[in-house]
Amino acid sequence: MSKGDKVEVLDFWASPFCGRVKIALEEKGVNHVASEEDVFGAKSELLLKSNPIHQRVPVLLHNDKPIAESAVIVSYIDEVWPSKSLLPSNAYDRAQARFWVDYIDKKVFETGRSIWASNGEERKVGTRDFIEVLKHLEEALGEKEYFGGDAFGYLDIIAIPHSAWFLAYEELGGFKVADHSPKISAWVKRCLQRESVAKVLPDPHKIYQFVLHFRKMSGLD
């Protein structure tokens, strides 16, 4: 693509789904602007026009053309800026990566939400479910440095932004990720050594305070 491409991300700082898009752009070296959206208030006309079906972030605007849904956007970025491919070159490995993306999208944030957006028995169940999800992801990681092998890639980009929320889950759920999934914990530390990840991911303590504020506003505390 030309150097004059206009690339904008309709963003929310705490969203792990927005984090994916920004990390992918950083990995590709694509200059972009992140425009913060008021996701709990009046959503911008640009967001409503760009994603009229779901009306949520992230949205990638590439030369004013909108692409919605984070995993779709990351795949788009990989295709449009093909140097340093994020997806595996092997068709079977690509299929496996997409399977785990689907699993992450259905399980990680929702089981995490069942910890921080609940109390009592529901939170206990949510904590058990989240730990089980982590164990499945640890099995997928195995002895590899990254989910795709030796190189940081597509599935790592999809998964790593969720780690910024782990502290909030740990504090409210009364557990430590490292105790139950040490390989995932080590993988998080490896990923955070990458400039793209360290630059994009929010401070976990800031996320924790955001969660506590949300719980208070929701009448949970």
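Helices in this account (H or I, at least four residues) and strands (E, at least two) are DSSP runs, numbered from the N terminus. The structure is a predicted model, in which local features need pLDDT of at least 70 and side-chain atom pairs count only at pLDDT 80 or more, while totals for chains, interfaces and linings use all residues. Residues are numbered from 1 along each chain as its sequence is written, and side-chain values use heavy atoms, with hydrogens and water left out.

We can begin with the two annotated regions. UniProt, in an unreviewed entry, lists residues 5–85 as "domain: GST N-terminal", and its annotation "domain: GST C-terminal", also from an unreviewed entry, covers residues 90–214; UniProt positions are given in the numbering used here, feature names are shortened, and annotations may be inferred rather than shown by experiment. Over residues 5–85 the chain is 37% helix and 21% strand, with the end C-alpha atoms 19 Å apart. Over residues 90–214, the chain is 75% helix and 0% strand, and here the end C-alpha atoms are 43 Å apart.

Within helix H3 (residues 70–80) we find Asp 78. Asp 78 counts as buried because its relative accessibility is 8%, where buried means under 20% relative accessible area, exposed over 50%, and partly exposed in between (1.4 Å probe, protein chains only). Its side chain reaches the backbone nitrogen of Leu 87 at 3.0 Å. If neighbours within four places in sequence are left aside, Asp 78 is in contact (heavy atoms within 4.5 Å) with Lys 28, Lys 84, Ser 85, Leu 86 and Leu 87.

The next stop is the interior. In soluble globular proteins, nonpolar side chains tend to be buried together. A nonpolar core is a set of buried Ala, Val, Leu, Ile, Met, Phe, Trp, Tyr and Cys residues joined through side-chain atoms within 4.5 Å, and of the 70 residues in the largest such core, Trp 165, Ile 184 and Trp 187 touch the most other members. Helix H4 (residues 91–116) supplies the largest share of this core, nine residues. Ile 184 and Trp 187 are among the buried residues of helix H9 (residues 182–192), and the buried residues of H9 pack against H5, H6, H7, H8 and H10. Not counting residues up to four places away in sequence, Trp 187 touches Leu 141, Glu 145, Tyr 146, Phe 147, Asp 156, Ala 159 and Ile 160.

Helix H11 (residues 204–217) comes last in this tour. Asp 203 caps the N-terminal end of H11, with a side-chain oxygen 2.9 Å from the backbone nitrogen of His 205. Ile 207, Tyr 208, Phe 210, Val 211 and Arg 215 are buried in H11. Seen down the axis of H11, these buried residues fall within an arc of 160 degrees, so they line one face of the helix; the arc is that of the directions from the helix axis to the C-beta atoms. They pack against H4, H5 and H7, whereas the face turned away from the buried side carries the exposed residues His 205, Lys 216 and Met 217.

Arg 215 lies in H11 and counts as buried because its relative accessibility is 1%. Leaving aside neighbours within four places in sequence, Arg 215 is in contact with residues including Trp 116, Arg 123, Leu 172 and Asp 221. After H11 comes Gly 219, whose phi is positive, near 75 degrees.

Conventions: Polar contact = N/O pair within 3.5 Å; in protein donor to acceptor, adjacent residues only side chain to side chain. Expected span 1.5 Å × (residues − 1).
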